Amino acid sequence: MNPIVFPGLGLTFQIERVALSVFGKDIYWYGVIIACGFLLGVLCACHLTREWGLKSDTVLDMLFFAAPIAIVCARAYYVVFYQSLYYNADGTFDWAEAIAIWDGGLAIYGGIIGAVITCLIFCVVRHHRFGAVADVCAYGLLIGQLIGRWGNFVNQEAYGGTCTAVWRMGLTLQNGDYIEVHPTFLYESLWNLLGFLLLYFLVRRHRKYDGQIFLCYLFWYGLGRFFIEGMRTDSLYLFDTGIRVSQLVALVTVIVTVQILVIQLFRKHPKEKLLVNSPRSELREAQAEEPEATQEETQPQPATDAPEETAEAEPDSVAEPETAEAEADSTGEPENAEGEPDSVAETAQAAEDSDDEKTEQPQPPEKDGEPAAE
């Protein structure tokens, strides 16, 4: 590869397209950079799920379908609007070359369109709130795009027209011509970085409804892409017209999102309608579905010693006889053989003596021939 220079900044880069080879198959830096951008975007989206009332599994499940479909749509977008590249000399269409995605040729807008449609269908089928899921994914898209554009830098593509600015980029073409051009890949990468910072540190704090972050993303990216696309020399055109496809899509996106944002600006958005505050929040539903044992473990348990102490403790009425006996013992009075005090024994003895006296009283004399009266 020819070196990439920034003469105004005094920088020179010599980068090979091939990063490494595995079993004789070349792995290009372009693919490595795209993969890193995708991975970091997914990690960022999963990190923000709880703040939006979502589960990270929701984003991962959605990406399982959206990622491959987005790649297919990105390739289809590129092939449809660059058909002349895939026709043979005899006029037949070269399908093998059209699906050779490893040779390059992806259009980011095609990938975004495919991902958004897939996400919408996924949310409808799985009964998720599309606005909340799209808000989380918007951050991931910005990260993926700002990193992925550096793949264009390695491939020495996606550059603009000639310029004399201090930050101009110098390239040597395959025919040996040297040109100094706008580094439009860098413009878009920095634009996406600025958009991420604004959405994360500013708009995020004033988020009023689900879908607001996603709408702001569409507006921000579309606005920047409209102007940056006008500088590029490798744009895809709308068939035989002189209209740049991505520039047209960006313009339509900006117009539509501005209208929606303005309409939403004059509407009331109670905080309880946000998914994170709603009873239908996926996190709350997940907690409600946890087993009862798990919920009991997370709740403070009442003290278990109090009932045992109450059971072991004896009432005062039971303790009183023991106290009385202890007081009796403390007087030093001896007990009788049956364990009763002497005073009680004397009383019993007096009662017996009284009965004996009654029985020993003389009976009246018997009359002749008559028994004594009973």
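Predicted model: local features only at pLDDT ≥ 70, side-chain atom pairs only at ≥ 80, totals over all residues.
Now the length of α7. The helix covers residues 212–229. At 1.5 Å a residue, those 18 residues should span 26 Å. The end C-alpha atoms are 25 Å apart, which agrees.

Next, the core. Which residues have the most contacts inside the largest nonpolar core? They are W52, M62, Y139, L199 and Y217, in a core of 46 residues. At least two residues each come from α1 (29–48), α2 (56–80), α4, α5 (130–155), α6 (184–201), α7 and α8 (245–265). The top contributor is α5, with nine residues.

Take Y139 as an example. Setting aside neighbours within four places in sequence, Y139 is in contact with C44, L48, W52, F196, L199, Y200, R204 and I213. Two of those partners, W52 and L199, are also on the list of residues with the most contacts inside the core.

There is another core, apart from the largest one. This one has 11 residues, including I4, F6, Y159 and L171.

Now to the surface. In general, nonpolar side chains in soluble globular proteins tend to be buried together. Here, though, is a nonpolar patch on the surface: I113, I117, L120, I121, V124 and V125. Together they have about 560 Å² of accessible area. L120 lies in helix α4, residues 108–126. Its relative accessibility is 44%, so L120 counts as partly exposed.

Key:
Residues numbered from 1 in each chain as written. Heavy atoms only, no water. Helix = DSSP H or I, 4+ residues; strand = E, 2+ residues; numbered from the N terminus. Expected span 1.5 Å × (residues − 1). Patch = residues over 30% accessible without salt bridge, like charges linked within 9 Å, V, L, I, M, F, W, Y side chains within 5 Å. Areas by Shrake-Rupley, 256 points an atom, 1.4 Å probe, with all protein chains shown as cover. Salt bridge = Lys/Arg side-chain N within 4 Å of Asp/Glu carboxyl O. Buried < 20%, exposed > 50% of the residue type's maximum accessible area, 1.4 Å probe, protein only. Core = buried A, V, L, I, M, F, W, Y, C linked by side-chain atoms within 4.5 Å. Contact = heavy atoms within 4.5 Å.
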